[in-house]
Amino acid sequence: MANYFGTDGVRGEYGKNLTTDLAFSVGNALSQIKTKPKVLIGHDTRVSADALKLAVSTGIVQGGGTVIDVGIIPTAGVSFLTQSEHCDFGIVITASHNPPNCNGIKVFGSDGKKLSDTDEEFLEEFFKNTYTCQKCGKFIKKDTLKNKYISHLKNCTALTFEDMHICIDASNGASFSLAPKVFRGKNAHVDCFSCKNNGSKINIDCGSLNPSILANKVKLHKADVGFAFDGDADRVIAVSGNGTIFDGDKLLYILATHMKEKGQLYANSVVGTSHTNSGIMVALNKHKINLIRTDIGDKYVIEAMEKMNLVLGGEQSGHIIIKTHSQTGDGILTALKICEIMKESGKTLDQLFDAKLIPQLNLNIPVKDKMKVINNEDLKNLISDISNKIAPAGRILVRASGTEEKVRVMVEFTDQQKARDYITQIKSQIEKI
């Protein structure tokens with residue numbers, strides 16, 4: 001098991017468990033496992049991005065590698081450009097949806113895919129060593145490469161949206177200028193919120209973690225649809241014209257049913273996670289679409305998609321992977337495809353969604369030691385007891401976050417009041433540990 005890499009790269013609070021020394025080690029390790037690698041680097045708007053980017057780059061250049069810095073760009077942009085520019089690796093400096101004081105390092109292979117758990121463990125083996133090449137590498141700044149990614153996104157749909165009014169909340173993150181540019185390039189009327197290069201306010205009272213704020217904006221401006229991205233824009237939450245929030249489960253359902261109708265859904269199957277609402281599974285089955293569940297984490301969704309050669313997968317959090325256009329979750333791409341479906345069908349988001357969800361309560365509980373909590377016997381016994389009470393109509397999921405010191409609890413049950421009681425019991429037990 002990797003010591004530094006979690007479910008979505010290296011993640012931590014800048015200056016504490018995520019330091020420039022660790023960032024240097026990541027970069028230098030790449031130069032140890034590949035001779036003179038060519039590495040493309042991008043980042044979001046966080047204040048600590050420059051320090052970490054320079055530290056990673058120093059490790060690469062000291063090891064003889066070449067760094068291509070493309071500046072502020074969504075995670076999916078780095079994935080796309082790593083592949084299209086024939087780089088050996090891609091790196092994104094971002095903590096995605098986490099607070100401004102946190103940051104992270106995601107690493108992609110030459111195919112634009114995130115490193116597997118095995119690859120991450122192998123990379124960590126080289127953190128203990130430092131390699132200095134007799135001939136140093138180069139650091140090249142190339143912001144203009146972002147235009148190649150913008151063109152790619154525009155080409156993912158042949159339609160234009162001149163009759164659509166769209167609200168965008170970029171979470172003051174990586175898509176702050178790029179997302180509006182893409183939709184305006186498709187002739188949409190765009191209103192922007194939290195679309196500033198302001199890393200000190202990234203994900204704060206905005207973006208995909210706070211979609212109700214965008215919902216109010218959509219209704220106020222009488223827009224057709226709104227899209228809220230997270231810090232690195234690999235997630236998106238949509239809002240309908242009447243202010244209804246559409247999470248990743250709902251978007252996955254709309255995309256899956258549309259793609260099946262078009263004959264584009266390979267094997268009539270889609271990948272979700274253990275968190276995907278069971279109501280989505282029932283509704284998909286009515287359309288003769290199979291839902292395959294994985295562990296939570298977009299990398300596990302992608303691994304399952306690759307293993308079964310499937311083209312669509314996603315998470316409730318808003319990570320949606322459309323393999324025909326991207327190797328990773330891309331919030332802007334997902335938003336474009338949702339607009340495409342709306343325009344082709346002439347329907348609103350509310351009209352496109354006819355699934356009946358099962359009430360699901362989610363709670364994120366900050367803890368000092370998440371693994372100690374998860375392995376507590378009293379907690380395990382309580383979970384087992386509640387699971388037996390709500391089976392087979394309900395489900396319970398208690399897990400350690402892969403990106404934060406939190407324990408995440410989900411209770412899905414038809415009786416919402418009982419679900420509240422059960423989740424309160426679990427919270428109380430966790431707080432005792």
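Leaving out neighbours within four places in sequence, Lys114 is in contact with Asp8, Lys106, Val107, Phe108, Asp298 and Thr328, where contact means heavy atoms within 4.5 Å. This is a predicted model, in which local features need pLDDT of at least 70 and side-chain atom pairs count only at pLDDT 80 or more, while totals for chains, interfaces and linings use all residues. Residues are numbered from 1 along each chain as its sequence is written, and side-chain values use heavy atoms, with hydrogens and water left out.

Lys114 belongs to the loop between strand 6 (102-108) and helix 4 (117-124); helices (H or I, at least four residues) and strands (E, at least two) are DSSP runs numbered from the N terminus. Lys114 counts as buried because its relative accessibility is 18%, and buried means under 20% relative accessible area, with exposed over 50% and partly exposed in between (1.4 Å probe, protein chains only). The side chain of Lys114 also makes a polar contact with the side chain of Asp8, at 2.7 Å; such a contact is a pair of N or O atoms within 3.5 Å, and within protein one must be able to donate a hydrogen and the other to accept it, residues adjacent in sequence counting only if both atoms are side-chain atoms.

From here we turn to the nonpolar interior. In soluble globular proteins, nonpolar side chains tend to be buried together. The largest nonpolar core holds 67 residues, of which Ile166, Phe183, Phe227, Phe229, Leu312 and Ile332 touch the most other members; a core is a set of buried Ala, Val, Leu, Ile, Met, Phe, Trp, Tyr and Cys residues joined through side-chain atoms within 4.5 Å. Helix 11 (residues 331-345) supplies the largest share of this core, 8 residues. Another core, of 26 residues, lies apart from it and has Val26, Val39, Phe126 and Phe127 among its members.

Strand 18 and strand 19 are joined by 6 bridges, and Val398 stands opposite Val409 in strand 19.

The loop between strand 18 (395-400) and strand 19 (406-412) carries Glu404, which is buried, with a relative accessible area of 16%. Beyond its neighbours within four places in sequence, Glu404 is in contact with His97, Asn98, Pro99 and Lys370.

Note on methods:
Two strands pair if DSSP finds at least two bridges between them.
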